[in-house]
Amino acid sequence: MFGETQEMIREAAARFAREKLLPNAARLDRGEGGEEYSENLRELARLGFNGLAVREEYGGAQAGAVAYALALFEIGKACASTAVAVSVTNMAAEVLQAVGSGGQCKKYLPPLLRGEWPAASFCLTESGAGSDPAAMRARAEENKNGFIINGVKQWISSGKIAGFYLVWAVTDAQAPRGRGISCFIADAGSEGLTVGPDADKMGQRGSPTNEIVFDNVCIPRENLLGKLNDGYRIAMRELFGGRIGVAAMACGIASAALDSAQEYMCAREQHGKKLREHQGLRWMLAERRAETEAAFWLTIRAAQLKDAGRNFVKEAAMAKWFAATAGERACRDALQLHGGYGYMRDLPLERHCRDIRIASIYEGTDEMQKNIIARELFRGEKENKGG
Ligand SMILES: Cc1cc2nc3c(=O)[nH]c(=O)nc-3n(C[C@H](O)[C@H](O)[C@H](O)COP(=O)(O)OP(=O)(O)OC[C@H]3O[C@@H](n4cnc5c(N)ncnc54)[C@H](O)[C@@H]3O)c2cc1C
């Protein structure tokens with residue numbers, strides 16, 4: 001079904017997830033085990049998981065989007081907080097590979113891919129610019145050495161553990177919407193760059209989410225990524241690929257929840273028979289399994305199109321929306337099948353329910369995915385102006 005390399009990557013991810021990530025997942029959720037978290041991310045990098053689609057010359061695995069989806073699925077099954085960091089770091093690595101100069105790729109990719117830093121961050125969102133990043137207010141003023149960035153980026157995944165940040169800022173305030181934004185690389189520890197405290201959030205609590213403040217941060221000219229004023233297009237293009245990672249992670253979380261439910265249905269007896277013998281419960285599991293399976297293959301389809309160099313925008317949006325919504329239903333019903341035990345923190349079901357919720361929000365909300373799907377469906381149709 002998958003190629004030899006893809007199967008090998010999936011198996012390696014599954015093994016690492018089982019042996020290293022799963023034992024730490026509940027502790028991380030309680031706010032412990034942060035050092036182990038960063039060390040596991042570095043180890044994943046050393047094993048090739050930070051640059052799954054990056055060329056070998058930069059230390060990447062050069063294995064493509066299907067391998068990336070399979071890895072994120074296995075990692076998501078064990079620890080969603082780790083999956084999000086791996087997903088965003090791969091996105092940052094792919095932006096560098098796609099639009100970075102030879103010098104930028106040589107400087108940032110090899111250390112990232114050999115685990116010198118646990119992660120990299122993608123700084124697009126601001127308090128007033130979420131679904132509409134073109135409304136961003138961060139500014140980059142050009143001077144003779146490069147650019148000075150001022151602005152505040154909100155809810156940045158891996159903010160406090162990133163080795164560098166890809167940051168978007170307005171470089172031409174007079175340009176039409178989205179046409180005056182550029183992308184830059186900012187090193188962690190740059191003067192004027194500060195990282196806020198961890199956001200106190202519902203799920204994926206092991207993954208630090210931070211505000212990043214840019215207060216007169218000097219960015220050398222050679223750290224402009226891609227062309228001046230082309231940043232919005234760069235961000236949108238990369239988010240299309242990132243959605244495959246979020247969808248795969250959501251399928252992983254849902255599968256873990258359903259695996260627990262299936263096992264529990266074989267062990268628990270009520271009314272003189274196993275839960276698996278109650279038809280209503282069998283149907284509940286059957287429906288959720290079918291939906292999760294469909295979400296998985298939709299995700300793989302988007303990844304295959306990406307690997308083939310074909311347009312995958314609609315399929316990636318469909319996969320993300322469907323995996324997030326079907327995954328949430330799967331986690332809810334998996335908890336329901338455990339009854340009161342599912343509600344207790346001794347079992348991972350309530351964590352799965354909290355962890356999956358964000359899949360409908362970050363890297364484009366469900367509503368934005370549906371906007372994208374509809375836009376792609378009607379592409380080429382003339383707008384009806386009415387009569
Ligand atoms: C835990 C977490 C981690 C994150 N990590 C990162 C990160 O690493 N980097 C980063 O840059 N950002 C990150 N984000 C930000 C995330 O991408 C945004 O939260 C998301 O894009 C939505 O933006 P918003 O929260 O401002 O919601 P809004 O854009 O304010 O949306 C509010 C509601 O309105 C709906 N809506 C908005 N516009 C439309 C429309 N045109 N049509 C229909 N409905 C619409 C939305 O779907 C939503 O339901 C993260 C967020 C969280 C919570």
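The structure is a predicted model, in which local features need pLDDT of at least 70 and side-chain atom pairs count only at pLDDT 80 or more, while totals for chains, interfaces and linings use all residues. Residues are numbered from 1 along each chain as its sequence is written.

**Ligand shell**
- Of the 22 residues around the ligand, Leu124, Thr125, Gly130, Ser131 and Thr365 come nearest, where a residue is near a molecule if its C-beta atom, placed from the backbone, lies within 6 Å of it.
- Two or more shell residues come from each of β1 (119-123), β3 (146-157) and α11 (366-377), these elements being DSSP runs numbered from the N terminus, with helices (H or I) of at least four residues and strands (E) of at least two.
- The shell contains ten nonpolar, nine polar and three charged residues, with Ala, Val, Leu, Ile, Met, Phe, Trp, Tyr, Cys and Pro counted as nonpolar, Asp, Glu, Lys and Arg as charged, and the others, Gly among them, as polar.
- Domain 2 (122-229) and domain 3 (233-377) each give at least three residues to the shell around the ligand, the domain bounds coming from an automatic or database domain assignment.

**Strand pair**
- Strand β2 (residues 139-142) runs antiparallel to β3 and is joined to it by four bridges, strands being taken to pair if DSSP finds at least two bridges between them.
- A hairpin of three residues links β2 to β3, and Glu142 stands opposite Phe147 in β3.

**Helix pairs**
- The axes of α4 (residues 80-99) and α5 (residues 102-113) come within 10 Å and cross at roughly 155°, the axes being lines fitted to C-alpha atoms over the stretch in contact, with angles from 0 to 180 degrees between N-to-C directions.
- Helices α4 and α5 are therefore roughly antiparallel to each other, a term for angles over 145 degrees.
- For α7 (residues 279-307) and α8 (residues 313-337), the axes come within 9 Å and cross at roughly 155°, so α7 and α8 are roughly antiparallel to each other.

How values were computed
Parallel < 35°, antiparallel > 145°, perpendicular 65-115°, else oblique.
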